[in-house]
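Here is a friendly briefing to read alongside the model. Please have the sequence and the 3D view open as you go.

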Amino acid sequence: MKSDCIRSRRNLRWLCLPLLAAGLAAQSGFGQQTLPNNDAYLFHDSHFHLTNYVQEGPDIRNFLEIMGNKVGRSMLSGIPLQQQWMHASTGDFAPRYYTQTDAPLYYYSFTDAFIAMAYRSLKPAERARFDPMITGFNPTDMYAADHIRRALTTFPGVFSGIGEFSIHKEFVSSKVAGEVATVNNKALDRILEFAGEVGLPVVLHCDVDTPFPRPNQYPYIVLKLEELFLRHPNTTVIWAHVGLGRIVRPPESQLGMIERALLRPELKHVHFDISWDVTARYLMRTPETVSMAARLINRFPERFLFGTDAVAPRSQQQYLEPYDIYAPMLAELTPEARAMLLKDNYERIFDKARIQVRAWEKANIPAR
Ligand SMILES: [Zn+2]
């Protein structure tokens with residue numbers, strides 16, 4: 001505990017937040033948690049999925065072994081979408097990924113209960129390493145915010161944020177049954193508004209563009225995304241994979257576009273995660289792209305978070321792959337920027353969320 005305070009000295013605003021969080025948790029009856037000594041770990045994981053698109057994954061204790069002495073803390077999300085096994089489409093072949101069948105995906109709300117119960121099955125010291133996330137809502141539904149509220153009131157003391165959930169995602173968005181998710185959907189405004197009210201950070205996936213855009217194609221997605229972020233200045237947003245996808249490649253001006261967003265004070269609540277091995281390979285493509293990415297993070301170190309975007313990992317080696325791919329860029333970061341990217345920004349955002357969400361629960365959930 002003490003070492004947390006000392007190590008955070010460079011970030012005085014959040015000094016000793018873990019101590020406050022633990023104190024508040026104890027006061028509110030949700031159980032005291034002892035946060036790990038984070039100095040020895042390589043990173044905290046700001047983007048992780050315990051389960052896959054058929055809702056399977058390692059037991060949370062196995063995942064703790066995979067984290068081992070390499071990863072200190074991790075956000076803990078399921079996958080909000082379930083791939084249907086449609087016999088008419090694939091017969092006896094059971095698809096395990098959304099690219100393996102034309103059958104639709106559907107929103108699988110039970111993921112939140114599954115994640116909450118997995119978290120609750122841990123000892124307090126183990127729980128302290130996780131920040132569970134609510135994902136099992138349909139972002140086109142005006143009732144989505146009510147689902148988030150229900151998840152908080154059903155499992156008090158558990159959740160720290162919402163996401164990753166997707167609005168525009170190559171191959172996925174058009175496969176989801178029902179109304180297609182859009183950035184300007186009123187339901188999404190309700191979700192972000194409620195998240196801001198509670199203090200839940202939002203991990204949002206929205207590809208920056210469409211696959212294979214024509215030259216000078218109108219960039220409607222990013223423009224509407226900017227409007228969305230501007231409408232919710234009090235909500236902490238983490239834009240997943242800096243907007244990149246498997247085939248949504250960085251436009252020439254990608255880093256310039258992010259730089260412009262970083263320079264705008266009215267977008268200071270927006271953060272960028274560089275998770276996913278696909279993102280890592282794009283950004284580490286050439287020595288020039290490595291240096292461009294490192295320069296941007298060195299200039300705005302408080303706005304970037306590292307994450308693996310691992311989905312139901314089976315081994316530590318597989319789990320750490322994105323970190324290994326980023327090695328050339330990590331070597332070009334200042335010690336302070338590296339610490340913020342890998343651990344300090346995670347601690348700042350999620351420690352604050354733990355305090356705010358527990359306080360919201362205390363004020364809004366009647367004592368049982
Ligand atoms: Zn993800």
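**Around Ile325**

Ile325 sits in helix 14 (residues 321–325); helices (H or I, at least four residues) and strands (E, at least two) are DSSP runs, numbered from the N terminus. This is a predicted model, where local features need pLDDT of at least 70, side-chain atom pairs count only at pLDDT 80 or more, and totals for chains, interfaces and linings use all residues. Residues are numbered from 1 along each chain as its sequence is written.

- Ile325 is partly exposed, with 17 other C-beta atoms within 10 Å (20 or more would be buried, 12 or fewer exposed, with C-beta atoms placed from the backbone).
- Beyond its neighbours within four places in sequence, Ile325 contacts Asp277, Ala280, Arg281 and Met284 (contact: C-beta atoms, placed from the backbone, within 7 Å).
- Between the C-alpha atoms of Ile325 and Leu283 there are 9.6 Å, and the two residues are 42 residues apart along the chain.

- Eight strands form an open sheet in the order 1-3-6-7-8-9-10-11, with parallel pairing (two strands pair if DSSP finds at least two bridges between them).
- Strand 1 (43–45) and strand 11 (304–305) are at the edges, each with a single partner strand, so one side of each lacks a neighbour in the sheet.
- Strand 3 (residues 71–76) pairs with strand 6 (residues 130–134) in the parallel sense over three bridges.
- Ser74 has Phe130 in strand 6 as its bridge partner.

**Helix 10 and helix 12**

- Leu255, Ile258 and Glu259 in helix 10 meet Met292, Ala293 and Leu296 in helix 12.

Conventions: Contact = placed C-beta atoms within 7 Å.
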